[in-house]
Amino acid sequence: MALSEEKTLFAGANSDDSSFIELYDYYFPKIYNYVHYRVADFHAAEDLVSLVFEKIFTRFESYRPEKAPLSAWIFSIARNTITDYYRRRGLIHFDSLDTSAEVTTADPDPGDVVCFNEVQQHLIKALSSLKQREREVIALKFWSGLSNSDIANLVGISESNTGVIIFRAMRHLRTILESQGVSINA
Amino acid sequence: MPEKKKAGIYLEHLDRILAGEKDVGSADNKEIEELLQLAKTMLNADLSKDSKIKERLKKQMFSKIEKNDELDDEDLDFVSAAFTGKTGGQKGGCPYCGSGSKKRKGKCPNCGI
(Lines give C-alpha, C1' and ligand atoms only; values in the text may rest on other atoms or scores of the structure.)
Protein backbone atom coordinates (compact mmCIF):
# COMPACT_ATOMS: atom_id res chain seq x y z
CA MET A 1 0.00 0.00 0.00
CA ALA A 2 1.36 3.42 -0.91
CA LEU A 3 2.11 5.74 1.99
CA SER A 4 -0.56 8.22 0.87
CA GLU A 5 -3.22 5.46 0.70
CA GLU A 6 -2.09 4.20 4.10
CA LYS A 7 -2.46 7.68 5.61
CA THR A 8 -5.94 8.07 4.13
CA LEU A 9 -7.02 4.69 5.45
CA PHE A 10 -5.51 5.40 8.86
CA ALA A 11 -7.26 8.77 9.11
CA GLY A 12 -10.54 7.15 8.06
CA ALA A 13 -10.17 4.29 10.50
CA ASN A 14 -9.88 6.80 13.31
CA SER A 15 -13.19 8.38 12.45
CA ASP A 16 -15.51 5.87 10.80
CA ASP A 17 -16.24 2.19 11.01
CA SER A 18 -16.24 1.40 7.30
CA SER A 19 -12.63 2.53 6.95
CA PHE A 20 -11.65 0.40 9.91
CA ILE A 21 -13.26 -2.59 8.21
CA GLU A 22 -11.42 -1.65 5.01
CA LEU A 23 -8.18 -1.67 6.99
CA TYR A 24 -9.11 -5.08 8.42
CA ASP A 25 -9.88 -6.50 4.96
CA TYR A 26 -6.56 -5.23 3.65
CA TYR A 27 -4.45 -6.57 6.51
CA PHE A 28 -6.28 -9.81 7.26
CA PRO A 29 -4.64 -11.95 4.52
CA LYS A 30 -1.24 -10.45 5.30
CA ILE A 31 -1.44 -11.11 9.03
CA TYR A 32 -3.04 -14.52 8.50
CA ASN A 33 -0.28 -15.71 6.18
CA TYR A 34 2.44 -14.14 8.29
CA VAL A 35 1.26 -15.97 11.41
CA HIS A 36 0.74 -19.31 9.65
CA TYR A 37 4.16 -19.04 8.02
CA ARG A 38 5.66 -18.71 11.50
CA VAL A 39 3.55 -21.03 13.63
CA ALA A 40 3.09 -24.63 12.53
CA ASP A 41 0.33 -25.40 15.05
CA PHE A 42 -2.85 -24.57 13.09
CA HIS A 43 -5.12 -23.87 16.08
CA ALA A 44 -2.50 -21.80 17.86
CA ALA A 45 -1.96 -19.80 14.67
CA GLU A 46 -5.71 -19.14 14.34
CA ASP A 47 -5.82 -17.90 17.95
CA LEU A 48 -2.76 -15.74 17.38
CA VAL A 49 -4.35 -14.08 14.33
CA SER A 50 -7.34 -13.13 16.50
CA LEU A 51 -5.04 -11.89 19.25
CA VAL A 52 -3.03 -9.74 16.84
CA PHE A 53 -6.17 -8.03 15.54
CA GLU A 54 -7.46 -7.56 19.06
CA LYS A 55 -4.20 -5.78 19.92
CA ILE A 56 -4.26 -3.67 16.76
CA PHE A 57 -7.84 -2.65 17.53
CA THR A 58 -7.27 -1.80 21.20
CA ARG A 59 -3.98 0.02 20.60
CA PHE A 60 -4.93 1.80 17.41
CA GLU A 61 -5.13 5.22 19.02
CA SER A 62 -1.55 4.91 20.23
CA TYR A 63 -0.19 4.57 16.68
CA ARG A 64 1.79 7.62 15.57
CA PRO A 65 2.06 7.87 11.75
CA GLU A 66 5.03 10.22 11.98
CA LYS A 67 7.10 7.56 13.76
CA ALA A 68 6.71 4.52 11.48
CA PRO A 69 4.66 3.25 8.54
CA LEU A 70 1.39 1.63 9.62
CA SER A 71 2.56 -1.70 8.23
CA ALA A 72 5.72 -1.62 10.38
CA TRP A 73 3.59 -0.87 13.47
CA ILE A 74 1.11 -3.66 12.68
CA PHE A 75 3.80 -6.24 11.97
CA SER A 76 5.78 -5.33 15.06
CA ILE A 77 2.61 -6.18 17.04
CA ALA A 78 2.25 -9.46 15.13
CA ARG A 79 5.92 -10.28 15.62
CA ASN A 80 5.86 -9.54 19.36
CA THR A 81 2.71 -11.62 19.75
CA ILE A 82 4.44 -14.61 18.18
CA THR A 83 7.61 -14.06 20.21
CA ASP A 84 5.47 -14.06 23.38
CA TYR A 85 3.76 -17.25 22.21
CA TYR A 86 7.08 -19.08 21.77
CA ARG A 87 8.43 -17.70 25.05
CA ARG A 88 5.34 -18.88 26.94
CA ARG A 89 5.65 -22.33 25.45
CA GLY A 90 9.35 -22.38 26.20
CA LEU A 91 10.08 -23.58 22.69
CA ILE A 92 12.59 -20.92 21.87
CA HIS A 93 14.45 -18.41 23.96
CA PHE A 94 15.47 -15.39 22.01
CA ASP A 95 15.51 -11.66 22.53
CA SER A 96 16.50 -11.09 18.96
CA LEU A 97 16.76 -13.49 16.08
CA ASP A 98 20.43 -14.18 16.58
CA THR A 99 22.25 -17.44 15.99
CA SER A 100 20.72 -19.00 19.09
CA ALA A 101 17.48 -19.17 17.13
CA GLU A 102 18.99 -21.64 14.69
CA VAL A 103 16.42 -24.25 15.54
CA THR A 104 13.39 -25.55 13.76
CA THR A 105 9.91 -26.17 15.13
CA ALA A 106 7.78 -29.29 14.99
CA ASP A 107 5.96 -30.41 11.84
CA PRO A 108 2.32 -29.38 11.60
CA ASP A 109 -0.22 -32.00 12.61
CA PRO A 110 -1.63 -33.48 9.35
CA GLY A 111 -5.12 -33.40 10.83
CA ASP A 112 -4.88 -29.67 11.41
CA VAL A 113 -4.05 -28.67 7.87
CA VAL A 114 -6.77 -30.59 6.01
CA CYS A 115 -8.56 -27.31 5.27
CA PHE A 116 -5.65 -26.33 3.06
CA ASN A 117 -5.16 -27.58 -0.50
CA GLU A 118 -2.24 -29.80 -1.47
CA VAL A 119 0.17 -27.02 -2.44
CA GLN A 120 -0.65 -25.10 0.76
CA GLN A 121 -0.08 -28.22 2.87
CA HIS A 122 3.31 -28.86 1.24
CA LEU A 123 4.24 -25.22 1.76
CA ILE A 124 3.32 -25.25 5.46
CA LYS A 125 5.27 -28.44 5.98
CA ALA A 126 8.29 -27.05 4.15
CA LEU A 127 8.16 -23.78 6.11
CA SER A 128 8.14 -25.71 9.37
CA SER A 129 11.50 -27.22 8.34
CA LEU A 130 13.16 -23.83 8.03
CA LYS A 131 15.06 -22.21 10.85
CA GLN A 132 13.07 -19.67 12.87
CA ARG A 133 15.10 -16.78 11.52
CA GLU A 134 14.49 -17.90 7.92
CA ARG A 135 10.75 -18.29 8.56
CA GLU A 136 10.60 -14.87 10.17
CA VAL A 137 12.34 -13.05 7.33
CA ILE A 138 10.47 -14.95 4.59
CA ALA A 139 7.12 -14.30 6.29
CA LEU A 140 7.87 -10.58 6.57
CA LYS A 141 9.19 -10.35 3.03
CA PHE A 142 6.16 -12.00 1.44
CA TRP A 143 3.35 -10.56 3.57
CA SER A 144 4.31 -7.36 5.37
CA GLY A 145 4.93 -5.19 2.32
CA LEU A 146 7.96 -3.78 4.14
CA SER A 147 11.26 -3.01 2.42
CA ASN A 148 14.39 -5.03 3.20
CA SER A 149 15.61 -2.05 5.19
CA ASP A 150 12.40 -1.97 7.32
CA ILE A 151 12.57 -5.76 7.80
CA ALA A 152 16.20 -5.46 8.88
CA ASN A 153 15.26 -2.78 11.44
CA LEU A 154 12.36 -4.81 12.77
CA VAL A 155 14.35 -8.04 13.09
CA GLY A 156 17.56 -6.41 14.22
CA ILE A 157 19.90 -7.54 11.45
CA SER A 158 21.67 -5.72 8.64
CA GLU A 159 19.92 -5.01 5.37
CA SER A 160 22.48 -6.98 3.34
CA ASN A 161 22.12 -9.92 5.72
CA THR A 162 18.35 -9.76 5.24
CA GLY A 163 18.75 -10.17 1.47
CA VAL A 164 21.11 -13.11 1.84
CA ILE A 165 18.81 -14.82 4.36
CA ILE A 166 15.85 -14.45 1.98
CA PHE A 167 17.80 -15.91 -0.94
CA ARG A 168 19.20 -18.83 1.08
CA ALA A 169 15.82 -19.54 2.70
CA MET A 170 14.16 -19.70 -0.73
CA ARG A 171 16.85 -22.12 -1.90
CA HIS A 172 16.27 -24.17 1.21
CA LEU A 173 12.48 -24.14 0.70
CA ARG A 174 12.85 -25.30 -2.91
CA THR A 175 15.04 -28.20 -1.81
CA ILE A 176 12.55 -29.23 0.89
CA LEU A 177 9.59 -28.98 -1.49
CA GLU A 178 11.41 -31.05 -4.10
CA SER A 179 12.12 -33.69 -1.47
CA GLN A 180 8.33 -33.77 -0.86
CA GLY A 181 7.84 -34.45 -4.57
CA VAL A 182 6.72 -30.92 -5.42
CA SER A 183 8.23 -29.72 -8.68
CA ILE A 184 9.02 -26.03 -9.06
CA ASN A 185 9.81 -25.47 -12.72
CA ALA A 186 10.36 -22.05 -14.19
CA MET B 1 27.90 -16.45 -10.52
CA PRO B 2 28.76 -15.46 -6.90
CA GLU B 3 25.95 -15.97 -4.37
CA LYS B 4 25.77 -12.29 -3.45
CA LYS B 5 25.26 -11.28 -7.07
CA LYS B 6 22.63 -13.99 -7.56
CA ALA B 7 20.84 -12.85 -4.41
CA GLY B 8 20.87 -9.25 -5.65
CA ILE B 9 19.32 -10.17 -9.01
CA TYR B 10 16.80 -12.43 -7.32
CA LEU B 11 15.68 -9.78 -4.82
CA GLU B 12 15.32 -7.18 -7.54
CA HIS B 13 12.93 -9.45 -9.46
CA LEU B 14 11.19 -10.63 -6.30
CA ASP B 15 10.38 -7.06 -5.25
CA ARG B 16 8.68 -6.49 -8.60
CA ILE B 17 6.64 -9.69 -8.21
CA LEU B 18 5.60 -8.67 -4.70
CA ALA B 19 4.64 -5.24 -6.04
CA GLY B 20 2.16 -7.00 -8.32
CA GLU B 21 4.02 -6.89 -11.66
CA LYS B 22 2.89 -9.75 -13.87
CA ASP B 23 5.85 -9.86 -16.22
CA VAL B 24 9.19 -9.22 -14.56
CA GLY B 25 11.29 -10.43 -17.50
CA SER B 26 14.00 -13.05 -17.54
CA ALA B 27 16.72 -13.26 -14.92
CA ASP B 28 18.92 -15.25 -17.35
CA ASN B 29 19.73 -17.83 -14.72
CA LYS B 30 17.97 -21.16 -14.23
CA GLU B 31 18.20 -21.22 -10.43
CA ILE B 32 16.97 -17.64 -10.06
CA GLU B 33 14.07 -18.35 -12.44
CA GLU B 34 13.09 -21.39 -10.39
CA LEU B 35 13.22 -19.44 -7.14
CA LEU B 36 11.09 -16.70 -8.70
CA GLN B 37 8.60 -19.37 -9.77
CA LEU B 38 8.57 -20.62 -6.19
CA ALA B 39 7.81 -17.09 -4.98
CA LYS B 40 4.83 -16.91 -7.36
CA THR B 41 3.63 -20.32 -6.16
CA MET B 42 3.82 -19.10 -2.55
CA LEU B 43 1.83 -15.97 -3.30
CA ASN B 44 -0.81 -17.98 -5.20
CA ALA B 45 -1.05 -20.40 -2.28
CA ASP B 46 -2.52 -17.61 -0.12
CA LEU B 47 -3.41 -19.48 3.08
CA SER B 48 -6.14 -16.97 4.00
CA LYS B 49 -8.26 -17.74 0.89
CA ASP B 50 -10.70 -20.05 2.64
CA SER B 51 -10.15 -18.88 6.17
CA LYS B 52 -13.12 -19.56 8.42
CA ILE B 53 -12.15 -16.99 11.01
CA LYS B 54 -12.09 -13.95 8.72
CA GLU B 55 -15.80 -13.05 8.83
CA ARG B 56 -16.28 -14.19 12.43
CA LEU B 57 -13.38 -12.06 13.62
CA LYS B 58 -14.58 -9.11 11.55
CA LYS B 59 -18.00 -9.31 13.19
CA GLN B 60 -16.38 -9.43 16.64
CA MET B 61 -14.23 -6.40 15.85
CA PHE B 62 -17.15 -4.50 14.37
CA SER B 63 -19.40 -5.17 17.35
CA LYS B 64 -16.65 -3.87 19.65
CA ILE B 65 -16.40 -0.69 17.61
CA GLU B 66 -20.16 -0.24 17.87
CA LYS B 67 -20.05 -0.83 21.62
CA ASN B 68 -17.31 1.77 21.99
CA ASP B 69 -19.47 4.25 20.08
CA GLU B 70 -22.27 3.87 22.61
CA LEU B 71 -22.33 6.37 25.47
CA ASP B 72 -20.77 5.11 28.67
CA ASP B 73 -22.03 6.04 32.17
CA GLU B 74 -19.87 9.14 32.37
CA ASP B 75 -21.14 10.37 29.00
CA LEU B 76 -24.72 9.76 30.11
CA ASP B 77 -24.13 11.76 33.32
CA PHE B 78 -22.93 14.70 31.26
CA VAL B 79 -25.95 14.50 28.99
CA SER B 80 -28.27 14.29 31.98
CA ALA B 81 -26.50 17.19 33.71
CA ALA B 82 -26.91 19.37 30.66
CA PHE B 83 -30.67 19.06 30.88
CA THR B 84 -30.87 19.52 34.66
CA GLY B 85 -28.30 22.31 34.82
CA LYS B 86 -26.12 20.39 37.33
CA THR B 87 -22.91 21.30 35.53
CA GLY B 88 -23.73 24.96 35.88
CA GLY B 89 -24.05 25.21 32.15
CA GLN B 90 -26.67 27.18 30.35
CA LYS B 91 -29.60 25.56 28.68
CA GLY B 92 -28.54 24.34 25.26
CA GLY B 93 -24.89 24.68 26.20
CA CYS B 94 -22.12 22.12 26.04
CA PRO B 95 -23.04 19.04 28.09
CA TYR B 96 -19.38 18.37 28.87
CA CYS B 97 -18.05 21.70 30.16
CA GLY B 98 -21.22 23.70 30.60
CA SER B 99 -20.10 26.46 28.27
CA GLY B 100 -22.97 28.41 26.75
CA SER B 101 -21.01 29.29 23.62
CA LYS B 102 -22.50 28.14 20.37
CA LYS B 103 -20.87 25.12 18.79
CA ARG B 104 -18.59 25.77 15.86
CA LYS B 105 -18.21 23.01 13.27
CA GLY B 106 -20.00 20.66 15.66
CA LYS B 107 -17.49 21.24 18.49
CA CYS B 108 -17.64 23.29 21.65
CA PRO B 109 -15.19 26.24 21.34
CA ASN B 110 -14.45 25.98 25.06
CA CYS B 111 -13.59 22.29 25.58
CA GLY B 112 -13.33 21.14 21.97
CA ILE B 113 -15.73 18.21 22.46
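# A walk through chains A and B

Let's start with chain B, which has four helices and zero strands. Reading along its sequence, you get the pattern α-α-α-α. Keep in mind as you look around that this is a predicted model. Of the 113 residues in chain B, 34% are buried. If you take the contacts in chain B with a separation of 6 or more, 16% of them are between residues 24 or more positions apart.

Glu31(B) and Lys6(B) form a salt bridge, with 2.6 Å between the closest N and O atoms. Glu31(B) sits in helix α2 of chain B and Lys6(B) in helix α1 of chain B, so this pair ties together parts that are 25 residues apart in sequence. Both Glu31(B) and Lys6(B) are buried. Now compare another salt bridge in the chain, the one between Glu21(B) and Arg16(B), where the closest N and O atoms are 3.2 Å apart. Here Glu21(B) counts as partly exposed, at 37% relative accessibility, and Arg16(B) is partly exposed too, with a relative accessible area of 29%.

Next, chain A. Its mean pLDDT is 84, and 77% of its residues reach 70 or more. One stretch to treat with care is residues 93-104 of chain A, where the pLDDT is below 50. Beyond near neighbours in sequence, that stretch has 24 contacts in the model.

Over all chains, a search of the whole structure finds eleven aromatic pairs. Take Phe28(A) and Tyr32(A): their ring centres are 5.4 Å apart and their planes lie at 35°, so the pair is tilted. These two residues are four apart in helix α2 of chain A, which runs over residues 17-38, so about one helical turn separates them. Both Phe28(A) and Tyr32(A) are buried. A tilted pair also forms between Tyr63(A) and Trp73(A), with 5.2 Å from centre to centre and 45° between the planes. This pair links distant parts of the chain: Tyr63(A) is in the loop between α3 (42-59) and α4 (70-89) of chain A, while Trp73(A), ten residues apart from it, is in helix α4 of chain A. Tyr63(A) and Trp73(A) are both buried as well.

With 0% relative accessibility, Arg38(A) counts as buried. Its side chain makes a polar contact with the side chain of Glu136(A), at 3.2 Å.

Now for the place where the two chains meet. The size of an interface is often given as the accessible area lost when the parts come together. For chain B and chain A, the area buried between them is about 3900 Å², with 70% of it on carbon and sulfur atoms. On the chain B side, Met42(B), Leu47(B) and Met61(B) lose the most area to chain A, together 20% of what that side buries. In terms of residues, the contact takes 33 from chain B and 40 from chain A.

What about charges and polar atoms across this contact? Side chains of opposite charge can pair when their charged atoms come close. Between chain B and chain A there are eight salt bridges, while the count over all chains is 14. The two chains also share eleven residue pairs in polar contact, counting those with both residues at pLDDT 80 or more. Helices α1 (3-18), α2 (30-44) and α3 (53-69) of chain B each supply at least two residues of the side that touches chain A.

Asp25(A) forms a salt bridge with Lys58(B), the closest N and O atoms being 3.0 Å apart. That pair crosses between chains, from helix α2 of chain A to helix α3 of chain B. Asp25(A) is partly exposed, with a relative accessible area of 29%, whereas Lys58(B) is buried at 16%. Then there is the salt bridge where the side chains of Arg174(A) and Glu34(B) meet, at 2.7 Å from N to O.

Arg174(A) and Glu34(B) also belong to a network of salt bridges, which links them with Arg168(A), Arg171(A), Glu3(B), Lys6(B), Lys30(B) and Glu31(B).

Technical notes
Residues are numbered from 1 along each chain as its sequence is written. Chains are lettered from A and ligands numbered from 1 in the order in which they are written. Side-chain values use heavy atoms; hydrogens and water are left out. pLDDT is the predictor's confidence in each residue, from 0 to 100. Contact means heavy atoms within 4.5 Å. Rings of Phe, Tyr and Trp (its six-membered ring) pair if their centres lie within 6.5 Å; planes under 30 degrees apart count as stacked, over 60 as edge-to-face and the rest as tilted. Buried means under 20% relative accessible area, exposed over 50%, partly exposed in between (1.4 Å probe, protein chains only). Buried area is the accessible area (1.4 Å probe) that two parts lose on being put together, summed over both. A salt bridge is a side-chain nitrogen of Lys or Arg within 4 Å of a carboxyl oxygen of Asp or Glu. A polar contact is a pair of N or O atoms within 3.5 Å; within protein, one must be able to donate a hydrogen and the other to accept it, and residues adjacent in sequence count only if both atoms are side-chain atoms.
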